[in-house]
Amino acid sequence: MAIHASELNSAAVEVEGISKRFGEAVQPHRLMPWRKAKKPKLALDQVSMHVESGRITGILGANGSGKSTLIRILATLLTPDAGRASVFGSDVVRHPAQVRRHINRVSVEASFFKEMSPWENMLYAARLYGSGGDGTRDRVEAMLERLGLPLDTLDKPMKQLSRGQQQKVAIARSFLTSPSLLLMDEPTTGLDPRSKREVQELVRSIRRDRAATVLLCTHDLQEAEVLCDRVVVIDQGRVLAEGTPSDLIRAHAAPSGSLEDAFMRLTGKRLEEDEEEKEE
Amino acid sequence: MTGNVLRWEMNAFVGFIERQKNLYRRYWAWEAVWLLYNLVSVLSIGYLAAGLSTLGIERSKANLQQQTELYLLIGALLWTYLSMVFFEVSFAITWERWEGTIEYTFMAPIKRLTHLLGMCAASLIYGVLRAAIIGLAVVALFRLDLLRANWLTALVLFAAATLPLLGLGIFTSILPLLSPEKGEQMAFAVQGVLLLISGVYYPISVLPWPLRLVGIVSPLTYTLDGVRQALLHGLTLAAALPDIGILLLMGVVLVPASVWCFGRAEVRAKRLGLLKRSG
């Protein structure tokens, strides 16, 4: 769905005081001593942010920081416990159908029918987004060619494609539906360096063409520094800082630091430490 | 609904049928195994009935044996169709969760009704095709006396039964939305209960009264009973009207109620974050 001129002048995404908690508190019971005490997990805590149309905004945070929860709320797949979020002026809870017409999502795990081919998966996507008739095959072929995918992969089962190829098909599928807002949840995680570079080049081309607004969740700070117009740093469900990469570096990693230094200063730890904590 | 919206939803409806067709084709080896399993099950029931004579039924009661054979075969064949359609519809969510596509489908800008009806239509088409293949094998292997059969009545009953069956299927597909861990197993349990109480292989009059009462509210009971009466005794369409009416009434209640409940379950799943979690 193409963006309109009026949309370019407005905010693509407005988030105000969003909170989301998972799980209910469970207390040990006298009659059921085997029941373990459980604490609910606060995934998002009063998050507010603003995403401008036609820009790439990065959400930086470690695993478990709340990035994917925020993306799922914007994709109408989760409802927030408090606060409100809107996409091109439509509230994600009250008007999910309007929101869905504007968005598409590329997630870290490939959401495909693995036995079906890229073509069959893309045809299904096209049908769900109002097309799929004559000319769809040509559009799909042109898109895959642009992404550097050999055309003979088009009719092979998805499970025979490499992770990088699957991710490219996921991106091509999202382009096929021409979203005004593209939600990219760690699109380069797990990709080999070549595939990662190709995907990043593709995101760059979106920025060049101003074809869509992109919300890019990543924990790759170099990627964020190179690709994003603005970044939002999020940790333990809270927004710690936002601004252009150079603003954040200037404010938190001066005089000659990097975005990684700024991130460390803001969160008090390196991303790798979060990874290590998670593994433990 | 304006023309554009209707076109959009119709396109998605076709998309679900097309997707299922592609999936059946890609999983053809599995589908062949299930078809063989269904065929063997129906034939086993048929031969069980054919073998009753060896258990002491006199030759003079050959007609009774043939009636029994037909009675059981009709039950087995109908159950194969009905359980398959029920299975396909009720596993719509489980399947997508297993494939990892559930969020993609739920994020699509289409009405949930279109999603569910598309799945139902694909299941019906596939169910009819598979039942037809098994039916042809039964006709080829058994000498069935269907001279008195009223095919029109059987077909109308069959069609009328589809509506409440879809309602039950949609209701059952809610279970994995409520409980990602146990919903799938609960769907199997529902299918088992339907087999027990609906008179697939015996009249429900042989059941103890509490089960008989549950059997009375199962749409499958009226379908099996009506179709048997039509094929064995030539039940006329006029005489079948009460059963057809009951089935349609059940469908008119069950389909909208199940779609509404599905919507509520979806809202709950989004609130609790259950959409993604796999069991």
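Colleague: Which residue is the bridge partner of A:Arg105 in S7(A)?

Modeller: That's A:Leu183. Before going on, a word on the ground rules. This is a predicted model, where local features need pLDDT of at least 70 and side-chain atom pairs count only at pLDDT 80 or more, while totals for chains, interfaces and linings use all residues. Residues are numbered from 1 along each chain as its sequence is written, chains are lettered from A and ligands numbered from 1 in the order in which they are written, and side-chain values use heavy atoms, with hydrogens and water left out.

Colleague: Fine. How do strands pair in general, and how do S6(A) and strand S7 of chain A run?

Modeller: Strands of a sheet pair through backbone hydrogen bonds, either parallel or antiparallel. Here two strands pair if DSSP finds at least two bridges between them. Strands are DSSP E runs of at least two residues, helices are H or I runs of at least four, and both are numbered from the N terminus. S6(A) and S7(A) (residues 181-185) run parallel, joined by 4 bridges.

Colleague: What is the strand order of the open sheet of 6 strands?

Modeller: In chain A the order reads S6-S7-S8-S3-S9-S10, with mixed pairing. S6 (103-106) and S10 (238-243) are the edge strands, each pairing on one side only. From one strand to the next the twist averages 15 degrees. For angles, axes are lines fitted to C-alpha atoms (for helices, over the stretch in contact), and values run from 0 to 180 degrees between N-to-C directions. Helix H2 of chain A (residues 67-74) lies across S3, S6, S7, S8 and S9 of chain A, at about 150 degrees to S8(A).

Colleague: And the open sheet of 4 strands: what is its order, and which strands stand at the edges?

Modeller: The order is S2-S1-S4-S5 in chain A, with antiparallel pairing. S2 and S5 (90-91) of chain A are at the edges with a single partner strand each, so one side of each has no neighbour in the sheet. H2(A) packs on this sheet too, touching S1, S2 and S4 of chain A, and its direction makes about 120 degrees with that of S1(A). S1 (residues 11-22) and S2 (residues 41-52) of chain A pair over 8 bridges, with A:Glu14 opposite A:His50 in S2(A). S1(A) is joined to S4 (residues 82-87) of chain A by 5 bridges; in S4(A), A:Arg84 is the bridge partner of A:Glu16.

Colleague: How many salt bridges are there over all chains?

Modeller: The count is 25, taking a side-chain nitrogen of Lys or Arg within 4 Å of a carboxyl oxygen of Asp or Glu. One of them joins A:Lys20 and A:Asp81, with the closest N and O atoms 3.4 Å apart. That pair links distant parts of the chain, 61 residues apart: A:Lys20 sits in S1 of chain A and A:Asp81 in the loop between H2 and S4 of chain A.

Colleague: Now the interface. How many residues of chain B are in contact with chain A?

Modeller: Contact means heavy atoms within 4.5 Å; by that cut-off, 33 residues of chain B meet 38 residues of chain A. Buried area is the accessible area (1.4 Å probe) that two parts lose on being put together, summed over both. Between these chains that is about 3,300 Å², with carbon and sulfur atoms giving 55%. B:Arg26, B:Tyr104 and B:Met107 supply 25% of the area that chain B buries against chain A, more than any other three residues.

Colleague: How many salt bridges cross the interface of chain B and chain A?

Modeller: The rule finds 6. The side chains of A:Glu120 and B:Arg25 meet in a salt bridge at 2.4 Å, N to O.
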